[in-house]
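Colleague: I am new to this structure and would like to learn how to read it. Could you walk me through a few features?

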Amino acid sequence: MARVQLKNLEKVYGSFKAVHGIDLDIEDGEFMVLVGPSGCAKSTTLRMVAGLEEITGGEIQIGDRRVNDLPPGKRSIAMVFQNYALYPHMKVRGNLAFGLKIAGRPRAEIDAAIEQVAKILEIEPLLDRLPKQLSGGQAQRVALGRALIKKPEVFLFDEPLSNLDAKLRASMRVRITDLHRRLKAEGLSSTVIYVTHDQIEAMTMGDRICVMQAGEIMQVATPKELYNHPANLFVAGFIGTPEMNLLDGALENEEFVIGAQRLALGPHVMNRLSTLPGQAVLGVRPQHLSLVREGPALTARLSNAEFMGHEVYLHADLEGRKLVSVVTAGEFEALGGSELIRLRPDPAMLHIFDKSNGRNISLLGGRLAA
Ligand code: ADP
Ligand code: MG
């Protein structure tokens with residue numbers, strides 16, 4: 001069993017605090033993604049779990065063991081990096097066998113393990129090639145095989161797909177999540193901690209996602225929960241494409257005021273608010289704005305339309321703020337070239353953030369006292 005727990009985990013480099021006492025509980029068999037912009041300390045955190053980076057404060061537990069002082073080889077982990085770092089002078093077979101050879105496993109066992117892993121990853125025809133004779137995707141599969149063959153309790157991935165082109169990245173995403181599912185189905189403990197800066201990778205791969213910023217955890221939740229109920233402005237802006245519209249304004253008398261425009265919020269939204277800040281930010285995803293002719297809506301001036309096939313991305317100006325909405329090609333055509341558009345946010349999918357601290361104050365059950 002390999003649950004992984006980070007308890008008040010801290011990392012200081014010289015006088016710079018990179019990780020600010022984070023707590024994270026990863027269940028046995030869970031696929032946890034750490035996501036955040038470059039420099040937010042994803043790698044530092046992962047490397048502390050791996051034992052490649054000393055822990056400044058707090059504790060890491062793998063299974064029921066505290067591993068702070070255990071060397072990497074004793075932690076029952078395997079790591080896959082962006083630079084797959086295969087031994088260049090060894091054939092694929094040798095690269096796969098290396099860890100087991102060092103561990104002194106018998107020849108027959110190693111051969112059987114190579115055969116099994118090669119089959120799973122469909123790299124059997126590559127076993128007698130040198131790394132330089134492999135494509136990027138093939139090399140990454142061998143790197144994956146080298147981790148898999150160790151039968152670790154925890155897999156650690158640090159941006160393993162960043163060096164691949166978009167198409168290959170998409171197919172490797174599926175391959176890795178499939179592999180995780182298969183290992184789990186076979187009853188093999190296969191907890192995964194997967195680091196990426198790419199929110200699409202995070203959303204498509206993670207059972208849960210831990211969103212980080214500047215060495216702190218912003219939110220830990222399932223992809224669906226993050227998308228529908230972002231806890232703060234950072235998560236709201238980071239998850240989802242195109243990005244959520246975040247419009248500066250103020251709350252006044254059950255209306256959201258943006259420049260000269262007032263949008264009636266209605267009970268759907270008002271009943272969800274937990275506080276009533278003055279300065280606030282209205283958040284609505286481009287997918288949750290619909291073109292309307294009448295009724296409460298925001299009026300914006302269309303500046304550009306990007307045709308994506310089935311959908312059209314409308315870029316517009318709303319009181320000096322940029323606004324994006326996603327509409328169908330049919331809805332776009334029905335506009336008939338009109339420059340002024342009226343957009344109504346879906347009240348159920350509209351968020352209000354307190355500007356002073358970034359918190360989403362429109363999450364469930366916040367009903368204000370009258
Ligand atoms: P990420 O993987 O999210 O891009 P890192 O974990 O690599 O971020 O880095 C987190 C922060 O710690 C960054 O500000 C980085 O510059 C700093 N950092 C990383 N490694 C070192 C190091 N060896 N010495 C000093 N600062 C470091
Ligand atoms: Mg990194």
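Modeller: Gladly! Let us begin with one pair: Glu-53 and Arg-47 form a salt bridge, their closest N and O atoms being 3.3 Å apart. A word on the ground rules: this is a predicted model, where local features need pLDDT of at least 70, side-chain atom pairs count only at pLDDT 80 or more, and totals for chains, interfaces and linings use all residues. Residues are numbered from 1 along each chain as its sequence is written, chains are lettered from A and ligands numbered from 1 in the order in which they are written, and side-chain values use heavy atoms, with hydrogens and water left out.

Colleague: What counts as a salt bridge?

Modeller: Side chains of opposite charge can pair when their charged atoms come close. The rule here asks for a side-chain nitrogen of Lys or Arg within 4 Å of a carboxyl oxygen of Asp or Glu. By this rule there are 16 salt bridges. Glu-53 and Arg-47 also belong to a network of salt bridges with Lys-11.

Colleague: Is Glu-53 buried or exposed?

Modeller: We go by relative accessible area: buried means under 20%, exposed over 50%, and partly exposed in between (1.4 Å probe, protein chains only). Glu-53 is buried, at 19%, while Arg-47 is partly exposed, at 28%.

Colleague: Which parts of the chain does the pair Asp-25 and Arg-3 link?

Modeller: Their side chains meet in a salt bridge of 2.6 Å, N to O. Asp-25 sits in strand 2 (residues 16–26) and Arg-3 in the segment before strand 1 (4–13), 22 residues apart, so distant parts of the chain are linked. Helices (H or I, at least four residues) and strands (E, at least two) are DSSP runs, numbered from the N terminus. Asp-25 is partly exposed at 33%, and Arg-3 is partly exposed at 38%.

Colleague: How do I check the span of helix 4?

Modeller: The expected span of a helix is 1.5 Å times one less than its number of residues. For the 13 residues of helix 4 that gives 18 Å, and its end C-alpha atoms are 18 Å apart, which agrees.

Colleague: How many residues of helix 4 are buried, and what covers them?

Modeller: Eleven of the 13 are buried, among them Gly-137, Leu-144 and Leu-148. Contact means heavy atoms within 4.5 Å. What covers these buried residues includes strand 6 (77–81), helix 2, helix 3, strand 7 (154–158) and helix 5 (166–185).
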